[in-house]
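Please find below some notes for a colleague who has the coordinates open. They are arranged as numbered points.

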Amino acid sequence: QKPLGGNNGVNGDARNPTIPRDEGGFKLKFCTVCASNQNRSMEAHLRLSLASYPVISFGTGSLVRLPGPSISQPNVYPFNSTSYDTMYTELNGKDPRLYRANGLLTMLERNRQVKFGPERWQDWAIGKPRLDHRDDRGSAGVEAGVVDVVITCEERCWDAVMDNLVEREGNLNRPVHVINVDIKDNHEEALVGGRAILELADMLNAAAREERDRSGGEWRNGAGAGDGGASSFDDRVPDIIAEWQEKWPNLPALWSLAWF
């Protein structure tokens, strides 16, 4: 675990990314993660997909929990089987004024344009083809069920992902960068966090493309020599995140290299 600076709270620097984005060509594969795969991870999923990045997203909670009429009355749904459309229809039928006012209906309208429904990280079969997700935004490029970078949006989600990867024992022998960008769970700060994550993705992708072009090889063929520049990229990631953190000091970051 490597903290990379920053302060609590989100008053993010919203400056435009300075890294030019190549809409075609090589792209890192991303995964975004929050607790319920609803707000922060889905805002980031949408932004990355609109920038032509291959991306998938998950939640780490035991159940999907959305605010209800009181703190003691949340709306609870199972992962993997409940669609965003079902949630939208149910909440709109219960109390459209409440759920429009608190932003849930707007959030679900966005989400159902991205993919079917919330998925749970712990249930993800890493390395299994995701052929039933072809209609998801960002699905092109992640059909094989592996990614290069996982970005979580809360430290407890980062902990859950890291613990789960240890339990899985890295059977694919494939490195993956796990980065936490700490974003408070509300709609406004999810928008700020989404912009920041996209800028980080652009910086990481630019470095990965440089190392791939320099080596002249295919990406991630293996570890060490012959990996298409991936190991050189791995060495650069901490410095890239530190540079990004200077621009977004109120979004504290953590990083670790893990294994699929």
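1. Confidence. This is a predicted model, with a mean pLDDT of 89 for the protein and with 86% of its residues reaching 70 or more. Where pLDDT is low, the predicted coordinates should not be read in detail.

2. The β-α-β unit. Strand β2, helix α1 and strand β3 make a right-handed β-α-β unit. The strands β2 (residues 30-34) and β3 run parallel and are joined by 5 bridges; within this pairing, V33 has F58 of β3 as its bridge partner.

3. Strand β3. Of the 5 residues of β3, 5 are buried, so the strand is largely enclosed by the rest of the structure. In a regular strand the side chains alternate between the two faces of the sheet. Both faces of β3 are covered, with V55, S57 and G59 buried on one side and I56 and F58 buried on the other.

4. Helix α1. This helix is likewise largely enclosed by the rest of the structure, because 9 of its 11 residues are buried. The buried residues of α1 are R40, S41, M42, E43, A44, H45, L46, L48 and S49, and what covers them includes β2, β3, α2 (84-94), α4 and α6 (187-215).

5. After α1 comes S52, whose phi is positive, near 75°; S52 lies in the loop between α1 (40-50) and β3 (55-59), and at a relative accessible area of 37% S52 is partly exposed. A second case is N173, which is not a glycine and yet has a positive phi of about 55°. N173 belongs to the loop between α5 (155-168) and β7 (175-181), and with a relative accessible area of 57% N173 is exposed.

6. Is E119, at 9% relative accessibility, buried or exposed? Since the cut-off for buried is under 20% relative accessible area, E119 counts as buried at its 9%, although the residue is placed in the loop between α4 (104-111) and β6 (149-152). The side chain of E119 is joined to that of R130 by a polar contact of 3.1 Å. Leaving aside neighbours within four places in sequence, the residues in contact with E119 are N37, S57, F58, G59, F79, N80, R130, H133 and D136; among these, S57, F58 and G59 are also buried residues of β3.

7. In soluble globular proteins, nonpolar side chains tend to be buried together. The largest nonpolar core here has 34 residues, of which F30, V181, L204 and W244 touch the most other members. Two or more residues of this core are given by each of β2, α1, β6, β7, α6, α7 (230-247) and β8 (253-259), and the largest share, 10 residues, comes from α6. Beyond its neighbours within four places in sequence, W244 is in contact with V181, A196, E199, L200, M203, L251 and A253. Apart from this core lies another, of 22 residues, among them W121, W124, V150 and L165.

Conventions. Residues are numbered from 1 along each chain as its sequence is written. This is a predicted model: local features need pLDDT of at least 70, side-chain atom pairs count only at pLDDT 80 or more; totals for chains, interfaces and linings use all residues. Side-chain values use heavy atoms; hydrogens and water are left out. pLDDT is the predictor's confidence in each residue, from 0 to 100. Helices (H or I, at least four residues) and strands (E, at least two) are DSSP runs, numbered from the N terminus. Buried means under 20% relative accessible area, exposed over 50%, partly exposed in between (1.4 Å probe, protein chains only). A polar contact is a pair of N or O atoms within 3.5 Å; within protein, one must be able to donate a hydrogen and the other to accept it, and residues adjacent in sequence count only if both atoms are side-chain atoms. Contact means heavy atoms within 4.5 Å. Two strands pair if DSSP finds at least two bridges between them. A crossover is right-handed if, with the strands pointing away from the viewer, the path from the first strand over the helix to the second runs clockwise. A nonpolar core is a set of buried Ala, Val, Leu, Ile, Met, Phe, Trp, Tyr and Cys residues joined through side-chain atoms within 4.5 Å.
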